[in-house]
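Thanks for coming, everyone. I have one structure to walk you through today. Please have a look at it first.

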Amino acid sequence: AVGQVSVLGLGDMGSAIAKAFVDRGYRTTVWNRTASKSAPLVDAGATAAATAAEAVAASPLVVVCLLDGKAVDEVLGYVDAAVAGKVLVNLTSGSPGQARANERWAGERGAEYLDGKIMGDPPYVGTPRIMFPFSGSRRAFDAHDSTLRELGSVTYHGEDAGLAAVEFMAQVAVGYELLIGYLHTLRLVQAEGVDVVEFTERIAGSVAAYPPLLTQMGKAVKNGYYPPDLGPLSVQAALMDDMIGHRESIGVEAVRMREVKELMDRRIADGHGGQGFSSLFELLARGR
Ligand code: NDP
């Protein structure tokens, strides 16, 4: 065996994780609240533990993948002192605050804690197409990163246990921000009688050009120096009036463009009309 690992939680994701370890030759111990879910893994070569505490006792590395933070609290309650001396890796979705609370819980019981988040679907576990950001104990990460890398593309974000959840929230947010804008745009495209699939094929090429702009905007935000990316705000704001007017004239929602226009107008009123789009960042702290 290349190593020993225990997996607590055998839902779709936990089962895929346990299976990846078994397939790669790890001595794998599994536990699930509903015990019957361990049967396929036992058939594949895993050992089923009768209790969560027994599963934790069986391996130096313990991976937890349950429904939510509430389930984690409940299961860690059964485990309690059995976690001493272990490395606890929690892959359950949740907030930065939950991750930090779990780290305190582990620390109080003499365990090291790593928090991980999962970006991808269960069938991709064990391939580079699923991403696992981690944060928490650097020592634990260094000791076990080759094992964790069996699961997919792994990144480490720092000693603060909340940082993997921050990365997850931010990555997911970019997806939703992009996709809601895309849906608004498809409304406009369809309202004008243009084929949405053919439009999508054309837009794919334009989207591919964005990464350099994202990098440039990130640098502008970090430095607090806003060159006129996309042109000066005073010029962009005029275009925004056309975008809003067009949407209104064809009866589609214009709320996204109105938000952008309102931010531009405020920057211009504050005397920043020569700056670029990234300068809207200055207005996005709550209460500004
Ligand atoms: P499932 O619904 O398939 O499994 C949930 C697991 O949690 C089961 O093992 C279930 O046990 C257990 N559970 C729930 N409540 C409790 C409790 N109170 N006490 C003990 N065990 C409990 O979910 P997934 O496996 O798909 O997801 C697991 C985690 O992975 C989630 O945090 C999810 O957000 C995350 N994730 C999932 C992805 C996916 O596509 N599936 C993608 C990315 C992240 P029982 O079998 O007894 O009900």
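Leu230 sits in the loop between helix H9, residues 210–223, and helix H10, residues 233–249. This is a predicted model, by the way. Leu230 has a positive phi of about 65°, although it is not a glycine.

Another residue with positive phi is Asp80. Its phi is near 40°, and Asp80 is not a glycine either. Look for Asp80 in the loop between H4 and E5. Asp80 is partly exposed, with 13 other C-beta atoms within 10 Å.

Now the sheet. What is the order of its strands? Read across, it goes E3-E2-E1-E4-E5-E6-E7-E8. That makes eight strands in an open sheet, with mixed pairing. Strand E3, residues 47–48, and E8 stand at the edges. Each has a single partner strand, so one side of each has no neighbour in the sheet.

Let's go through some of the pairs. Start with strand E2, residues 27–31. Four of its five residues are buried, so E2 is largely enclosed by the rest of the structure. The path from E1 to E2 runs through H1, and this β-α-β crossover is right-handed. E1 and E2 run parallel, joined by five bridges. Within that pairing, Val5 has Thr28 of E2 as its bridge partner.

On to E3. E2 pairs with E3 in the parallel sense, over two bridges. Here Thr29 has Thr47 of E3 as its bridge partner. Helix H2, residues 39–44, forms a right-handed β-α-β unit with E2 and E3.

Next, E4 and E5. They pair in the parallel sense too, over four bridges. Val62 stands opposite Leu88 in E5.

Then E6. How many of its five residues are buried? Five of the five, so to speak: E6 is mostly covered. Glu112, Leu114 and Gly116 point one way from the strand. Tyr113 and Asp115 point the other way, and all of these residues are buried.

What does E6 pair with? On one hand there is E5, which runs parallel to E6 and is joined to it by four bridges. On the other there is E7, which runs antiparallel to E6, with three bridges between them. Asp115 takes part in both pairings. Asp115 in E6 is the bridge partner of Asn90, and Asp115 also stands opposite Ser135 in E7. One more point on E6: together with E5 and helix H5, residues 96–108, it makes a right-handed β-α-β unit.

Now a helix. Take H6, residues 138–148. Which of its residues are buried? They are Ala140, Phe141, His144, Thr147 and Leu148. Seen down the helix axis, these buried residues fall within an arc of 110°, so they line one face of H6. Turn to the face pointing away from that buried side. There you find the exposed residues Arg139, Asp142 and Ser146.

What covers the buried residues of H6? The cover includes strands E1 (4–8), E4 (61–64) and E5 (87–90). It also includes E6 (112–116), E7 (131–136) and E8 (153–156).

Back to a loop for a moment. Ser59 lies between helix H3, residues 52–57, and E4. Ser59 has 22 other C-beta atoms within 10 Å, and so it is buried. Which residues does Ser59 touch, beyond those up to four places away in sequence? Gln4, Val5, Ser6 and Thr29. Here is a distance to go with that. Ser59 and Val7 are 52 residues apart in sequence, yet 9.4 Å apart in space, C-alpha to C-alpha.

Last stop, the ligand. How many residues surround it? There are 22, and the closest are Gly11, Arg33, Thr34, Ala71 and Ser93. Two elements give two or more residues to this shell: helix H1, residues 12–23, and helix H4, residues 69–79. By class, the shell has nine nonpolar, seven polar and six charged residues.

That's my tour. Happy to take questions.

Terms used. Residues are numbered from 1 along each chain as its sequence is written. This is a predicted model: local features need pLDDT of at least 70, side-chain atom pairs count only at pLDDT 80 or more; totals for chains, interfaces and linings use all residues. A residue is buried if 20 or more other C-beta atoms lie within 10 Å of its own, exposed if 12 or fewer, and partly exposed in between; C-beta atoms are placed from the backbone. The arc is that of the directions from the helix axis to the C-beta atoms. Two residues are in contact if their C-beta atoms, placed from the backbone, lie within 7 Å. A residue is near a molecule or strand if its C-beta atom, placed from the backbone, lies within 6 Å of it. Ala, Val, Leu, Ile, Met, Phe, Trp, Tyr, Cys and Pro count as nonpolar, Asp, Glu, Lys and Arg as charged, and the others, Gly among them, as polar. Two strands pair if DSSP finds at least two bridges between them. A crossover is right-handed if, with the strands pointing away from the viewer, the path from the first strand over the helix to the second runs clockwise.
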